[in-house]
Amino acid sequence: MTSFTPSVPENTTVSALTLARGRAAHLRNVILGLTRQTRQPDELVIGVMQDRLYDDLPQTDFPIRQVQVTGSELPLSRARNTVAAEATGDCLVFLDVDCIPAPELIADYMGYAVPGNGLIMGEVNYLPAGTATEGWSYPKLEAVAVRHSDRQGPPAEGLKRCNDYRCFWSLNFAIHREDWDRSGGFDERFTGYGGEDTDFGRELDERGVPIHWAKGAKVFHQHHPHCMPPIHHIPSILRNTEIFADKWGHRTMNHWLTAFRLMGLVGSDGDALVQLREPDADDFALCEQQSDQPYANTARVLRYLRGEERIAAE
């Protein structure tokens, strides 16, 4: 555990950064959350991964800039690098478009993301369906939000060093510009879904840029239907795990690959992984997040596929 008392220069500037394709209602809530900060960001830069820029965005006291990042598949790595390059702030705060920042998020990250502290991962709480609707308030979100059962919890205070780069995920993190420059950014060979976060974490590890868990800097993850494991992204996951293997000598996303194999969706052709069939209705019924679930869970699906949930229920 690292107890940390921030000493932030008065002239420190903060850029909030997000990526978006569709999800206009989610984006509005992110912006509303940024307007309700105890210390607002100096700007918001949106990496727009679609042909049309967003309109009818909430009014803010800080400028919003939209930067288009095109590509037929989600260009997540390139989009993150682009918004970071466009940003003017000393402290770069990356938020997924489905993450509403809690009121102290910017202030917390200003204290934590100073030169040499590396990458800082704030808290994430998940919301059930129907809670981040028009007129939402922080007390209402706090009352129903839950932590993901398979994710590391925050330290009791300050920062805690994360010694496993595989724990990094880009949902909610911040990094000082100096440490971002040391990181080299995200590898833009990763396109579509999967692998780019683990690769970035590994790159940080190799370059000696530390990763920390933080107390605070919290977001509320807005509910939206999705699958875990992500059976709707198998082609890009198979491609990206091979890019990772070519770079580092071993594959990544093994928990997803294991689930795909057990479901009969993926198999081997020599050393290569191949998709055997398209997911069907039963596969989606197993993996899709349901309206009463705050998050989908690969571990639950794996337990079911291995028979452990059925045994536990008997």
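## Helices, sheets and spaces in a predicted model

In helix H2 (residues 76-86), Leu-76, Ser-77, Ala-79, Arg-80, Asn-81, Val-83 and Ala-84 are buried. Here buried means under 20% relative accessible area, exposed means over 50%, and partly exposed lies in between (1.4 Å probe, protein chains only). Helices (H or I, at least four residues) and strands (E, at least two) are DSSP runs, numbered from the N terminus. This is a predicted model, in which local features need pLDDT of at least 70 and side-chain atom pairs count only at pLDDT 80 or more, while totals for chains, interfaces and linings use all residues. Residues are numbered from 1 along each chain as its sequence is written, and side-chain values use heavy atoms, with hydrogens and water left out.

The buried residues of H2 pack against S1, strand S2 (43-48), S4, helix H5 (177-183) and helix H6 (196-207). Contact means heavy atoms within 4.5 Å. Helix H3 (residues 105-112) is mostly covered, since 6 of its 8 residues are buried. These are Leu-105, Ile-106, Tyr-109, Met-110, Gly-111 and Tyr-112.

### Annotated spans

The record supplies two domain names. UniProt lists residues 75-137 for "domain: Glycosyltransferase 2-like", in an unreviewed entry. Over residues 75-137 the chain is 30% helix and 22% strand, and the end C-alpha atoms are 33 Å apart. For "domain: Galactosyltransferase C-terminal", the unreviewed UniProt entry lists residues 163-224. That span, residues 163-224, is 31% helix and 19% strand, with its end C-alpha atoms 31 Å apart. UniProt positions are given in the numbering used here, feature names are shortened, and annotations may be inferred rather than shown by experiment.

### Strand pairing

Two strands pair if DSSP finds at least two bridges between them. An open sheet of 4 strands has the order S5-S12-S7-S8, with mixed pairing. Its edge strands are strand S5 (99-101) and strand S8 (146-147), each of which pairs on one side only. S5 and strand S12 (residues 219-221) run antiparallel and are joined by 3 bridges; the partner of Cys-99 in S12 is His-221.

Elsewhere, strand S13 (residues 266-269) and strand S14 (residues 272-275) pair in the antiparallel sense over 4 bridges. Gly-267 has Val-274 of S14 as its bridge partner. The hairpin of S13 and S14 has 2 residues between the strands, and Gly-270 takes a positive phi near 70 degrees there.

### Empty spaces

Rolling a probe the size of a water molecule over the atoms shows where empty space is left. On a 1 Å grid over the protein atoms alone, a cavity is a set of points where a 1.4 Å probe fits but cannot get out, and a pocket is an open set with protein on both sides within 12 Å along at least five of seven lines; lining residues have an atom within 4 Å of a point. Grid points are joined across faces, edges and corners, and a volume is the space filled by probe spheres set on the points.

The structure holds 1 cavity of 30 Å³ or more. Leu-17, Thr-18, Leu-19, Arg-80, Phe-94, Leu-95, Asp-96 and Ser-170 line the largest cavity. Strand S1 (14-20) and strand S4 (91-95) each supply at least two residues of this lining, and S1 gives the most, with 3 residues. Arg-80 of this lining is also among the buried residues of H2.

The second largest pocket is lined by Ala-25, Arg-28, Asn-29, Leu-32, Arg-36, Ala-132, Thr-133, Glu-134, Gly-135 and Trp-136. In the table, Ala, Val, Leu, Ile, Met, Phe, Trp, Tyr, Cys and Pro count as nonpolar, Asp, Glu, Lys and Arg as charged, and the others, Gly among them, as polar.

| Space | Volume | Residues of the lining |
|---|---|---|
| Largest cavity | about 40 Å³ | 4 nonpolar, 2 polar and 2 charged |
| Second largest pocket | about 170 Å³ | 4 nonpolar, 3 polar and 3 charged |

Ala-132, one of the residues lining the second largest pocket, is placed in the loop between strand S7 (124-126) and helix H4 (138-144). Ala-132 and His-26 are 106 residues apart in sequence and 8.5 Å apart in space, C-alpha to C-alpha. Leaving aside neighbours within four places in sequence, Ala-132 is in contact with Asn-29, Ile-100, Leu-127, Leu-141 and Gln-222.

### Backbone details in loops

Arg-23, in the loop between S1 and helix H1 (24-35), has a positive phi near 55 degrees and is not a glycine. Arg-23 is partly exposed, with a relative accessible area of 35%. Ala-217, in the loop between strand S11 (211-214) and S12, has a positive phi of about 50 degrees although it is not a glycine. At 1% relative accessibility, Ala-217 counts as buried. A cis peptide bond, with omega about 0 degrees, joins Met-228 and Pro-229. Pro-229 lies in the loop between S12 and helix H7 (234-248).
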